Amino acid sequence: MRVIDVAIVGAGFAGLAMAGALRRAGRDDIVVLERADDVGGTWRENTYPGVACDVPAHLYSLAAHPNARWSRTFAPGGEIQAYLRDVAAREGLGDRLRLRTPLLGARWDADGSLWSLDTAADEPLLARSLVLACGRLTEPYVPAIPGLESFGGPIFHTARWDHGIDLTGKRVAVVGTGASAVQLVPELARRAGQVTLFQRTPAWIVPRGGDDIAEADRAHLAAHPGDLARLRADLYAEGEQRYASRSGDAAASAAARSAALDHLHAQVADPALRAALTPDYAFGCKRVLLSDTFYPAVASDAVTLEPTALAAVDGSTLTAASGRSHHADVLALATGFASTQQPYADLVRGETGTLAAHWSGGMTSFGSTVVAGFPNLFVLNGPNASLGHNSAVLMAEEQAAYVVRALCERDRRTEPVLRVRPEAEAAYTDEIAAAAASTPWLTGGCRNWYVDDRSGRLTLLWPGTVQAFRERLAATDGSEFEPVSDQAADSPASTAAPGETIPHTPA
Ligand SMILES: Cc1cc2nc3c(=O)[nH]c(=O)nc-3n(C[C@H](O)[C@H](O)[C@H](O)COP(=O)(O)OP(=O)(O)OC[C@H]3O[C@@H](n4cnc5c(N)ncnc54)[C@H](O)[C@@H]3O)c2cc1C
């Protein structure tokens with residue numbers, strides 16, 4: 001049976017970044033397994049009105065595929081999805097990309113030193129290495145609200161938007177005030193008859209800025225790649241600067257907090273409404289949102305803010321935790337994603353058990369990418385690889401570069417197996433805990449999805465800048481893996497493959 005060198009699961013930003021990095025390093029023996037009928041991940045699934053990136057699109061894109069043609073600073077979701085389709089085509093994946101091919105199970109076969117992958121196909125697929133790029137915001141979270149099933153009208157999650165429902169003149173209730181809701185509500189305020197917004201916890205919101213990009217500017221960037229690269233570098237540097245305010249630096253947080261309060265003041269005249277929209281926890285504790293249109297929408301006659309959670313549903317009557325009742329024809333759940341328990345973790349069985357069992361106290365790893373007990377396995381955008389201050393794509397690219405280097409290390413071994421030393425994973429976990437200890441994510445007085453409830457550890461966010469992540473991975477020397485006695489003595493432990501280009505992020 002044919003054995004594939006690297007199987008990648010998921011064809012979102014991370015899976016496509018991985019496939020591109022491998023191919024540019026001369027590694028063509030790959031497959032990308034994608035359960036859906038298209039690439040795109042997040043951007044295929046999220047089509048709600050107003051969906052857009054909140055990191056400028058010139059940075060929220062792959063370094064190997066810069067795009068001069070974005071129509072707006074914060075590109076609409078549909079444009080990002082079209083970009084990712086284009087990337088997949090330009091990477092020339094051909095039949096290496098297998099759509100409608102869910103990974104149903106993966107088992108480490110110690111005898112063959114291979115991953116045996118169950119998909120919908122008849123025969124298991126054998127791969128020397130496995131890269132999980134399954135995302136972390138993929139499974140809509142639907143809160144257990146008593147009576148939800150009794151709601152008479154359409155109910156849908158923002159990640160499963162039903163475009164067949166005409167909202168004109170309808171009473172629409174939105175549950176949640178996170179990143180999706182702040183994009184959705186201003187759109188609904190224009191289209192629906194009346195919007196009721198259930199807010200359990202207000203978010204810190206800062207001005208977004210950004211605009212349409214004129215055709216002349218797009219043409220200029222297309223004709224001058226150097227200017228596009230400089231723009232990207234500037235945006236990267238701006239993003240990195242945001243880390244201080246998000247992570248609790250006293251002066252930076254105070255300045256950002258006051259900018260957010262000024263923004264609220266400038267946009268909401270009613271003191272009672274302002275009070276209801278003011279967070280009571282530290283700046284940065286939850287994801288800081290960017291919007292210039294959310295507060296004006298909430299302050300308008302089109303929207304009623306219910307400043308407590310939706311507590312019960314009885315037909316079209318929605319009762320809030322405050323005891324107040326509201327009525328709706330359509331219910332939109334902007335309730336986020338089940339993000340701490342990774343859905344793929346149950347599917348993957350390593351040397352002694354599943355990833356889910358290994359992560360029963362929350363995700364752990366070395367380098368946010370490799371996991372003890374799971375040889376030749378790499379996880380992208382999993383443990384401590386998310387960001388609250390800069391583009392997530394940058395992190396996936398750094399991880400992809402690390403995977404390429406690690407595969408070189410694997411290939412130098414007579415037994416081509418990389419086993420993470422448990423002590424290396426434990427030490428990295430301690431590093432993360434120490435870096436996170438005084439940040440608002442752990443101490444800011446809010447409940448956020450960066451922290452795993454089971455252990456109270458910060459398991460999703462990388463507690464540092466992108467630059468710090470790059471340096472941390474660059475400092476690895478292969479000693480995170482069990483040594484092999486017969487490894488070629490003169491091989492440096494972690495060098496790039498000949499011709500490998502490290503996916504460049506502007507430094
Ligand atoms: C509405 C929204 C807006 C966002 N905006 C930003 C932003 O502006 N900036 C930013 O940095 N981040 C943003 N994010 C975070 C975003 O998720 C990441 O930036 C990025 O898109 C994640 O890419 P990914 O490839 O890791 O995961 P995904 O995009 O989720 O892709 C994972 C893929 O894996 C596939 N898959 C999963 N399980 C299996 C399986 N068992 N078998 C086969 N295939 C499988 C899925 O179908 C999916 O296609 C946003 C997220 C959301 C939801």
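Modeller: Ala, Val, Leu, Ile, Met, Phe, Trp, Tyr, Cys and Pro count as nonpolar, Asp, Glu, Lys and Arg as charged, and the others, Gly among them, as polar. This is a predicted model, in which local features need pLDDT of at least 70 and side-chain atom pairs count only at pLDDT 80 or more, while totals for chains, interfaces and linings use all residues. Residues are numbered from 1 along each chain as its sequence is written, and side-chain values use heavy atoms, with hydrogens and water left out.

Colleague: How do the residues of the shell around the ligand divide into nonpolar, polar and charged?

Modeller: The ligand is surrounded by 33 residues, where a residue counts as near if one of its heavy atoms lies within 4 Å. The closest of them are Glu34, Asp54, Tyr60, Asn381 and Ala392. Sorted by class, the shell holds 18 nonpolar, 11 polar and four charged residues.

Colleague: Which element gives the most to the shell around the ligand?

Modeller: The elements giving two or more residues to the shell are α1 (13-24) and α2 (42-45), where helices are DSSP runs (H or I) of at least four residues and strands (E) of at least two, numbered from the N terminus. With three residues, the element that gives the most is α2.

Colleague: The side chains of Arg160 and Glu45 meet in a salt bridge; how many residues apart in sequence are the parts that this pair ties together?

Modeller: A salt bridge is a side-chain nitrogen of Lys or Arg within 4 Å of a carboxyl oxygen of Asp or Glu, and this pair, at 3.0 Å from N to O, belongs to a structure in which a search finds 33 of them. Because Arg160 lies in the loop between β7 (155-157) and β8 (171-175) while Glu45 lies in helix α2, the distance in sequence between the joined parts is 115 residues.

Colleague: Arg69 forms a salt bridge with Glu215; how many residues apart in sequence are the parts that this pair ties together?

Modeller: The closest N and O atoms of this pair are 2.8 Å apart. Arg69 sits in the loop between α2 and α3 (77-90) and Glu215 in helix α5 (residues 215-223), so the parts are separated in sequence by 146 residues.

Colleague: Is Glu187 buried or exposed?

Modeller: Glu187 and Arg190 meet in a salt bridge, and both lie in helix α4 (residues 179-191), three residues apart, about one turn of the helix. Buried means under 20% relative accessible area, exposed over 50%, and partly exposed in between. Arg190, at 63%, is exposed, whereas Glu187, at 19%, is buried.

Colleague: Which residues do salt bridges that share partners join into one network?

Modeller: Side chains of opposite charge can pair when their charged atoms come close. Here, salt bridges with shared partners make one network of Asp5, Arg27, Arg128, Arg410 and Asp411.

Technical notes: Buried means under 20% relative accessible area, exposed over 50%, partly exposed in between (1.4 Å probe, protein chains only).
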